[in-house]
Amino acid sequence: MSQASLSVSGITVEVDGTIVVKKANLDVRSGEIAILMGPNGSGKTSLLRAIMGFPSYKIIAGNIYLDSLDVTNLPSWERAKAGIAIANQAPPALSLKTKWLFQKIAEKYGTQEELGKVVNEIMLQHLLERPAFNGFSGGEVKRAEIATVMLSKPKVALLDEPDSGVDVESTKKIANMIDAMAKKGVAILLVTHAGMLVRNLKMLGRGYVMINGRISQGSNARDLLKSVLEEGYRNFRGSDIQ
Amino acid sequence: MTNESDKLREAMTKAREIGLEVEKGGAVILNENLLYKKLARDLEKMGVIYSEIHEAAREYPDLFDKYAFKTLKGDVNKIDSGIFLYIPKGLTVKEPIFNCFVLGNKKVVQKVYNLVVLEDGSRAIGVSGCFTLVNEAVHSSLEETYVGTGASYTRIMIHNWLPSVGVSAISSVEVGEKGNYQDLYINYSEAKSISFNTMIYQKGSDSTSRADQIVSGTGFSSLKYSTEVFLIGDRSSSQLISRLLARGKSSIATKARIVASGKLTKGHIECKGLTLGDGAEISTVPELRSLSNDAELTHEASIGKIKREELEYLESKGFNEEEAVSLLIRGFLETGFSDLPSTIRASVESVLDKLSKAKG
C-alpha cells in the first residue's frame with residue numbers, strides 16, 4: 001500500500017451489472033494535483049463516484065485507501081467525514097436552499113467562519129436564496145460544487161470537470177482555488193478535458209489517462225496534457241493501458 | 001392533584017417551547033376559561049381592545065353586534081371562551097399578539113369563538129398556538145376576521161395536539177379594499193383528526209391574500225383541510241400554498257378552491273405533497289372557478305417521495321441518511337412565506353426544524 005493520501009489499488013467497479021472500471025490503480029499525494037483525462041464514456045466519473053462511495057458504483061475488487069485507512073467498505077457519508085470530498089459534474093436539483101446546503105456543510109465541518117469568504121470567492125451570492133442547482137447555469141453548478149468541497153476541508157478532493165461550461169475568468173478563479181487547496185495539503189484528483197484550467201494550475205503532479213475503464217499513467221500532468229491536446233488518445237490505446 | 005395554576009404554568013412553558021411568548025402580549029385559554037391575558041398598556045391607551053369574548057359582548061355591544069357572527073353561524077352563549085382583538089383605525093401594532101388554546105383535562109370539549117377586527121389602515125400580527133396537556137379531548141373553534149380598507153393582518157397558527165385529540169375549526173376572513181391578509185398554518189401534531197375549513201372573502205378591490213399550509217401527518221392521523229377564496233373585488237389576488245408531509249399511516253386530504261368573480265383578478269394554487277410511509281396517504285384537490293372573462297387562475301400540484309439521487313448526493317457530502325432526509329424535508333417545507341415578522345421567524349423555523357426531524 002502506498003503512503004499517498006489517496007491510493008486506489010486495483011479496483012474494479014460495477015454499475016447495474018456492467019463493469020465500468022477495470023483493475024484501476026492510482027495514487028495522489030497530499031498537496032498534489034493529479035489529472036485524469038480520457039475520452040467520453042471511458043469511466044472517469046464512475047471512478048470518482050466509486051471512490052466517493054456512491055451506492056450504485058459497486059467495488060467488486062480492489063481497495064481504496066485514505067492515508068492508511070481502508071475506506072473501501074465505508075458508506076459515502078463516512079468517507080466524506082474521513083476526508084474525501086467530491087465536486088460532482090451534474091448534481092441533482094435539490095429542494096434545499098443553496099445557503100442552507102452551504103451552512104449545513106459548514107456546520108458539519110466547522111468551517112462557518114470561512115463560509116462568507118468561500119461564497120464571495122466563488123461568486124454565488126445571487127444564488128443563495130434559490131433551491132440548490134435549480135435552474136443554475138453550467139458554470140454556476142460547477143462553482144457551487146467547488147464551494148461545497150472547500151467548505152468540507154477535505155484531505156482528498158475529487159473534482160469532476162469543474163471547468164466545463166465555465167467562462168474564462170471563472171476558470172482562472174477555479175484554478176486559483178484548486179491551487180490554494182493543494183497548497184494546504186489537499187490531494188486533488190481532477191478530471192478534465194480542457195487545457196485552460198490545467199494551464200492555470202501551479203501545483204500539477206501526475207497525469208492519468210483512462211480508456212475503456214482502464215487506467216494508464218502518463219509521465220506528468222503537463223506532458224500528458226500536451227500529448228492529448230496534440231495527438232488525442234491514440235497513443236494510450238496500446239500496451240501501456242493496464 | 002394538579003391545580004389550575006400548575007396547568008397554566010405548564011401551558012406557558014409548552015407555549016414557549018413552540019415560540020409563543022405570551023408574557024410579551026397574549027392570552028391563554030385553558031379548557032373553557034381564559035386564565036391569562038396581557039396587553040401592553042400603551043396599546044390599550046391607543047384604543048386596542050383585547051378581551052375575553054363574553055366580556056367583549058357585554059362591554060362593547062356595538063362592535064360585537066357589528067362584526068360577530070356575520071359570516072359564520074353561532075351563538076356566543078354556546079361558546080366556552082374566546083378572544084376579541086380590535087385594532088383601531090390607522091394603528092400599527094408591531095409586536096405579535098400570542099393566543100394559546102390549551103386542552104388541559106381529559107374528555108374536555110373546548111368551544112372557542114375568536115373575533116379579530118382590523119379597522120381601516122391598521123396593521124397587526126396574531127400568532128395562535130393550539131395544543132394539549134392531556135389526551136382524549138376536543139377543540140372546536142370558530143373565528144371571524146375583518147381586514148378593513150388598506151389594513152393588513154398576518155395570522156400565524158401552530159397546531160401541536162396529542163393523539164386521541166379531535167379538532168374542528170372554521171375560519172372566515174373578509175378583506176376590504178387594498179386590504180392584505182397573510183396566513184401561515186403549521187400542523188405538527190399527532191391529532192387523531194383535524195377538520196379545518198377556511199373561507200376568505202376578498203370583497204374589496206385590489207385586496208390581496210396569501211394562505212400557506214404546512215401540514216405534517218404522523219401515526220394514524222386523519223387531517224382534512226379546505227380553503228376557499230372568493231375574489232370578489234376587482235383586481236383582487238390570492239395565493240394558496242401547501243406542503244403536505246404524510247408519515248406512518250396518516251392521511252391528509254386538502255381542497256383548495258379559488259372562485260374569481262371580480263374583474264382582472266389573479267389566483268394561484270400550489271400544492272406539494274411528500275409521502276414518507278408505506279401506509280401514508282395524501283390527496284389534494286385544487287379547483288379554479290372563473291366567473292369573469294379576464295381572471296388569471298393557475299394551479300400546480302405534485303405528490304412524491306424523497307428522490308434517491310438527492311439522498312445519495314447529501315450522503316456524499318457527509319450527512320448520514322437520517323440527517324439527509326431531515327435536510328430534504330426541511331427544504332421541502334419552505335414555502336417562501338415572506339411576511340413572517342422577524343420577531344417570530346426564529347420560532348417558526350425552529351418548529352419547521354423539529355417537524356423535519358420528527359418520526360412517525
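Predicted model: local features only at pLDDT ≥ 70, side-chain atom pairs only at ≥ 80, totals over all residues.
Q: Where do I start, and how many helices and strands does chain A have?
A: Start with an inventory of the secondary structure. Chain A has eight helices and 10 strands. Its radius of gyration is 17 Å, close to the 18 Å that the globule rule gives for 242 residues, so chain A is as compact as a globular protein of that length. For a sense of extent, the C-alpha atoms fill a box of roughly 50 × 40 × 30 Å along the principal axes.

Q: What share of the residues in chain A is buried?
A: Burial is read from relative accessible area, with under 20% counting as buried. By that cut-off, 55% of the 242 residues in chain A are buried. As for the accessible surface, it comes to about 9900 Å², and carbon and sulfur atoms account for 47% of that.

Q: Which strands form the open sheet, and in what order?
A: To read a sheet, list its strands in spatial order and then look at the pairing. Here four strands of chain A follow the order E2-E1-E4-E5, with antiparallel pairing. Strand E2 (18-28) and strand E5 (69-70) each have a single partner strand, so one side of each is left without a neighbour in the sheet. Further in, strand E1 (residues 6-15) and strand E4 (residues 58-66) run antiparallel and are joined by seven bridges. One residue pair to look up is Glu14(A) with its bridge partner Lys58(A) in E4(A).

Q: Why is strand E7 of chain A described as largely enclosed?
A: Check the burial of each residue, then of each face. Five of the five residues of strand E7 (residues 156-160) are buried, so the strand is largely enclosed by the rest of the structure. Val156(A), Leu158(A) and Asp160(A) are buried on one side, and Ala157(A) and Leu159(A) on the other.

Q: Which strands pair with E7(A)?
A: Strand E6 (residues 84-87) runs parallel to E7(A) and is joined to it by four bridges; within that pairing, Ile86(A) has Leu158(A) as its bridge partner. Strand E8 (residues 187-191) also pairs with E7(A) in the parallel sense, over five bridges.

Q: Is the loop residue Thr111(A) buried or exposed?
A: Thr111(A) lies between helix H3 (98-109) and helix H4 (112-121) of chain A. At 0% relative accessibility, Thr111(A) counts as buried. Leaving aside neighbours within four places in sequence, Thr111(A) is in contact with Ile105(A), Ala106(A), Leu151(A) and Lys153(A).

Definitions and conventions
Residues numbered from 1 in each chain as written. Chains lettered and ligands numbered in written order. Heavy atoms only, no water. Helix = DSSP H or I, 4+ residues; strand = E, 2+ residues; numbered from the N terminus. Rg over C-alpha atoms; globule rule 2.2 N^0.38 Å. Buried < 20%, exposed > 50% of the residue type's maximum accessible area, 1.4 Å probe, protein only. Areas by Shrake-Rupley, 256 points an atom, 1.4 Å probe, with all protein chains shown as cover. Pairing = 2+ DSSP bridges. Contact = heavy atoms within 4.5 Å.
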